[in-house]
Amino acid sequence: MNNFLFNFFARKIKERSIGERIFNIYAHDDTIFLNLKNNLAILFKLNSPTALFFGNYKLEKTQNNFAVSLHKKISGLKIIDVDFTGLERVLTLYLVDKRLDIEHHYYLIFEITG
């Protein structure tokens with residue numbers, strides 16, 4: 001994935017996902033889907049070369065160990081910021097879990113290679 005495509009998808013993710021909650025995480029073959037409440041999905045292709053996509057996608061649900069673990073950790077968390085560095089192709093999702101008056105902050109970092 002070249003820098004132009006990475007920056008395009010990262011900008012779209014930032015524009016349309018801030019303030020949204022991650023309600024489910026699925027895996028299909030080598031792709032992880034982070035489904036948001038606004039019926040959009042952030043897709044991370046895990047094989048080589050890795051890639052990043054964003055849009056309204058529906059695929060057959062299958063799971064792998066990574067997706068199940070990720071689902072347990074971040075399902076229901078709210079995206080409060082998205083940061084990306086175009087030259088290094090690193091996308092960071094800043095997540096928050098707020099229950100009552102207690103906030104826990106998490107970072108989900110993906111490095112796009114290939």
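**View 1. Phe 84 stands opposite Leu 91 of strand S6.** The model shown here and in the views below is predicted. The two strands of this view, S5 and S6 (residues 90-99), are antiparallel and are joined by seven bridges. Leu 91 touches Phe 84 and also its sequence neighbour Asp 83, as well as Val 82. Further contacts of Leu 91, leaving aside residues up to four places away in sequence, are with Phe 6, Ala 10, Ile 13, Phe 44, Leu 52, Leu 108, Ile 109 and Phe 110.

**View 2. Strands S5, S6 and S7 form an open, antiparallel sheet in that order.** The edges are taken by strand S5 (78-85) and strand S7 (102-111), each of which pairs on one side only. From one strand to the next, the twist averages 20 degrees. In general, strands of a sheet are paired through backbone hydrogen bonds.

**View 3. Helix H1 lies across S5 and S6.** The helix spans residues 3-17 and runs at about 160 degrees to S5.

**View 4. The largest nonpolar core contains 27 residues.** Leu 34, Ile 42, Leu 52, Ile 74, Leu 91 and Leu 93 have the most contacts inside this core.

**View 5. Strands S1 and S2 form a hairpin with two residues between them.** Asp 29, in the turn, has a positive phi of about 55 degrees. His 28 stands opposite Thr 31 in S2. The strands run antiparallel, and six bridges join S1 to S2 (residues 31-36). Strand S1 (residues 22-28) is largely enclosed by the rest of the structure, because five of its seven residues are buried.

**View 6. The whole chain, for orientation, has two helices and seven strands.** Along the sequence these elements follow the pattern α-β-β-β-β-α-β-β-β. Of the 114 residues in the chain, 40% are buried. Contacts between residues at least 6 apart in sequence join residues at least 24 apart in 49% of cases. The accessible surface of the chain comes to about 6,900 Å², and carbon and sulfur atoms account for 52% of this surface.

Note on methods:
Residues are numbered from 1 along each chain as its sequence is written. This is a predicted model: local features need pLDDT of at least 70, side-chain atom pairs count only at pLDDT 80 or more; totals for chains, interfaces and linings use all residues. Side-chain values use heavy atoms; hydrogens and water are left out. Two strands pair if DSSP finds at least two bridges between them. Helices (H or I, at least four residues) and strands (E, at least two) are DSSP runs, numbered from the N terminus. Axes are lines fitted to C-alpha atoms, for helices over the stretch in contact, and angles run from 0 to 180 degrees between N-to-C directions. Contact means heavy atoms within 4.5 Å. Buried means under 20% relative accessible area, exposed over 50%, partly exposed in between (1.4 Å probe, protein chains only). A nonpolar core is a set of buried Ala, Val, Leu, Ile, Met, Phe, Trp, Tyr and Cys residues joined through side-chain atoms within 4.5 Å. Accessible areas come from the Shrake-Rupley method with a 1.4 Å probe; for residues, only the protein chains shown count as cover.
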